[in-house]
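Thanks for coming, everyone. I'll keep this short. Please have a look at the model on the screen.

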Amino acid sequence: MAVEAIRTGLPVIIAGGLGAWPALSHWSFERLLRDHGDWVVPVSVFRHGALSPEKEMCRISELIPRILPFPSWPLCYLQQVPLAEWPRALAECIGPPPGLAPGTPMDAYLWCGPHGASSPLHYDTRDNLHVLLRGHKRFLLFAPDQSPLMYPHAEDGAQHLSRIDVERVDRRAFPRFGRARGLRCVLGPGEVLYLPTRWWHQVHLWAPSISVNFWWTKEQGATPQGEQRS
Ligand SMILES: O=C(O)CCC(=O)C(=O)O
């Protein structure tokens, strides 16, 4: 099912595709705190609105108590920490992502943040499987053909980032955004969003959340299990 979902080339939520991933039952905020409290991680701290985070290094034992209260302020979001930097016991808790042939080259990242944290509107240049393990995340999605309505930054290296804050759209500055037609979905624990390359997305955490995402290049994967390309 996951393989067909990925073949569509359209965003799809894959439910029940994680099989026996130990992270499904083992990962929780309490366990992160108990077993990995000394792990030092980079955290984005949103003090001046959603678009200008400062980065800080902090221990998991300091981060989790800042993530769990509601409301949580300042918003502290552990974003995109690569698998190579995780404690081994955490890395062993994730299984293969659904729908990708064994051995597909991919990069995995950890995300962990409070209710109200967000990632700004942007697109990625690789296909993505975003696996939610705890909490709820809302994704707003816009197809690549909506790019003329997305007001990307002009600077080199930032053209995948929109200038629009979709939480508070400035309709005067970005009038064309009003014509954009998008999709909205909420990901819950155990669900996986397949997000094709170049789809614009903005993410808002509806609850304290933990997730893992995988980026890969379609030519290198998404073949049915057992039909790996050489
Ligand atoms: O979950 C988030 O805050 C952002 C995730 C994201 O942008 C991605 O998986 O590409």
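Which pocket does the ligand take up? The space taken by the ligand is the largest pocket. One caution before I go on: this is a predicted model.

Let's start with the shell. The residues around the ligand are Tyr77, Trp111, Ser119, His122, Asp124, Asn128, His130, Lys137, His201, Val203, Asn213 and Trp215. By class, that shell holds six polar, four nonpolar and two charged residues. Four strands each supply at least two of the shell residues: β6 (118-122), β7 (127-134), β11 (200-205) and β12 (209-216).

Tyrosine 77 places a polar side-chain atom 2.6 Å from an oxygen atom of the ligand. For aspartate 124, a side-chain N or O atom is 2.9 Å from a ligand oxygen. For histidine 201, the corresponding distance is 3.0 Å, again from a side-chain N or O atom to a ligand oxygen. How much of the ligand does the protein cover? On its own, the ligand has 290 Å² of accessible area, and the protein covers 99% of that.

Next, the loop between α4 (60-67) and β4 (75-82), where serine 72 lies. Is serine 72 buried or exposed? Serine 72 counts as buried, because its relative accessibility is 6% and the cut-off for buried is under 20%. A polar atom of the serine 72 side chain lies 2.9 Å from the backbone oxygen of arginine 66.

Proline 71 and proline 74 are both in the loop between α4 and β4. The peptide bond joining phenylalanine 70 and proline 71 is cis, with omega about -5°. The bond from tryptophan 73 to proline 74 is also cis, with omega near -5°. Why point these out? Because most peptide bonds are trans.

Most residues other than glycine have a negative phi. Here are two with a positive value. Glutamine 80, in strand β4, has phi near 60°. Glutamine 80 is partly exposed, at 38% relative accessibility. Tyrosine 151 has a positive phi of about 50°. Tyrosine 151 sits in the loop between β8 and β9 and is buried, with a relative accessible area of 8%.

Last stop, that loop again. Proline 148 is also in the loop between β8 (137-142) and β9 (183-187). Proline 148 is exposed, because its relative accessible area is 53% and exposed means over 50%.

Note on methods
Residues numbered from 1 in each chain as written. Predicted model: local features only at pLDDT ≥ 70, side-chain atom pairs only at ≥ 80, totals over all residues. Heavy atoms only, no water. Near = heavy atom within 4 Å. Polar contact = N/O pair within 3.5 Å; in protein donor to acceptor, adjacent residues only side chain to side chain. Areas by Shrake-Rupley, 256 points an atom, 1.4 Å probe, with all protein chains shown as cover. 1 Å grid on protein atoms, 1.4 Å probe; cavity = no way out; pocket = protein on both sides within 12 Å on 5 of 7 lines; lining within 4 Å. Sits in = over half its atoms within 2 Å of the grid points. Nonpolar A, V, L, I, M, F, W, Y, C, P; charged D, E, K, R; others polar. Buried < 20%, exposed > 50% of the residue type's maximum accessible area, 1.4 Å probe, protein only.
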